[in-house]
Amino acid sequence: MRNRTPLEQRLLRLQARLQVPFDENRPDHQETLKALWHAAFPDVALRGLISEQWKEMGWQGSNPSTDFRGCGFISLENLLFYARTYPASFRRLLFKREGNRATWEYPFAVAGINISFMLTEMLDLCSEKPRCLPGINFVKLLGEDEAAFDVLYCIAFEMVDAQWLAVNASYMQFNEVLQATRTQLERELSLEDTQRIHDLPAYNLLYQ
């Protein structure tokens with residue numbers, strides 16, 4: 001049996017992350033959820049893993065664990081990566097600080113879970129090797145940066161918000177906005193001159 005290349009190992013590690021369900025009884029998952037709260041609201045004490053406070057971050061109810069059924073632990077990891085790596089962008093979107101906002105806005109955290117799931121599907125990451133062009137090109141980016149999926153997630157979140165504002169969307173249009181974002185991302189990931197995740201045109205949204 002041949003040795004796997006470093007790139008193949010990176011892809012396998014990412015695919016392994018996708019298989020981990022969120023488990024509200026695992027201490028490491030509990031701590032990650034608490035870390036997300038403290039990153040979002042550093043000056044506000046969290047009263048518990050089940051609390052009405054979670055709704056302030058855009059979870060559907062008082063227990064965030066029920067929202068992870070559509071996507072596993074990686075969607076929480078993505079949110080925490082976003083909060084820690086691009087804090088200004090994260091907070092701008094969390095608190096809806098820019099643009100003419102709808103009365104019924106998209107819920108931030110639940111939107112994040114949907115973005116994680118959309119990226120997994122778009123990149124064909126559940127196959128042994130991605131077969132679609134965006135997925136094939138993404139694997140090349142993964143070879144340059146092991147955090148490529150997490151960074152792409154942050155870019156996608158900015159793209160969703162930009163598209164949301166561009167079409168003056170309201171809550172019921174979220175899936176349309178997500179699909180439009182997917183189409184734009186597929187286009188950007190098909191560009192031949194993209195060598196690194198930072199080369200994507202939409203990457204600059206993180207620093208606007």
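1. Start with K96: this residue follows α4 and has a positive phi, near 50°. Helices here are DSSP runs of H or I with at least four residues, numbered from the N terminus. Bear in mind that this is a predicted model, where local features need pLDDT of at least 70, side-chain atom pairs count only at pLDDT 80 or more, and totals for chains, interfaces and linings use all residues. Residues are numbered from 1 along each chain as its sequence is written, and side-chain values use heavy atoms, with hydrogens and water left out.

2. Now α4 itself, residues 87–94. S89, F90, R92, L93 and L94 are buried there (buried is under 20% relative accessible area, exposed over 50%, partly exposed in between, with a 1.4 Å probe and protein chains only). The cover over these buried residues includes α2, α3, α5 (108–122) and α7 (148–166); contact means heavy atoms within 4.5 Å.

3. Which residues touch the most other members of the largest nonpolar core? They are M57, W59, Y82, L119 and F157, in a core of 65 residues. Such a core is a set of buried Ala, Val, Leu, Ile, Met, Phe, Trp, Tyr and Cys residues joined through side-chain atoms within 4.5 Å. Two or more residues come from each of α1, α2, α3, α4, α5, α6, α7 and α8 (174–188), and α7 gives the most, with 12 residues.

4. W59 deserves a look of its own. Not counting residues up to four places away in sequence, W59 touches L33, L36, W54, P64, D67, F68, L79, A109, V110 and I113. W59 also belongs to one aromatic cluster with F22, W37, F41, W54, F68 and F95.

5. On aromatics, a search of the whole structure finds 18 pairs. Rings of Phe, Tyr and Trp (its six-membered ring) pair if their centres lie within 6.5 Å; planes under 30 degrees apart count as stacked, over 60 as edge-to-face and the rest as tilted. W37 and W54 are edge-to-face, 5.3 Å centre to centre with 75° between the planes. W37 sits in helix α2 and W54 in the loop between α2 and α3, so this pair ties together parts 17 residues apart in sequence. Both W37 and W54 are buried.

6. Y86 and Y203 make another edge-to-face pair, at 6.5 Å centre to centre and 80° between the planes. This one links distant parts of the chain, 117 residues apart: Y86 is in the loop between α3 and α4, Y203 in the segment after α8. Y86 and Y203 are both buried.

7. How do α1 and α6 cross, and at what angle? The axes of α1 (residues 6–18) and α6 (residues 133–144) come within 9 Å and cross at roughly 105°, which makes α1 roughly perpendicular to α6. Axes are lines fitted to C-alpha atoms, for helices over the stretch in contact, with angles from 0 to 180 degrees between N-to-C directions; under 35 degrees is roughly parallel, over 145 roughly antiparallel, 65 to 115 roughly perpendicular and the rest oblique. L7, R10, L11 and L14 in α1 meet F138, V139, L142, G143 and E144 in α6.

8. Finally, two single residues. T32 is in helix α2, counts as buried at 14% relative accessibility, and touches F73, L76 and L80, leaving out residues up to four places away in sequence. N63 lies in the loop between α2 (27–40) and α3 (73–85) and is buried too, with a relative accessible area of 17%.
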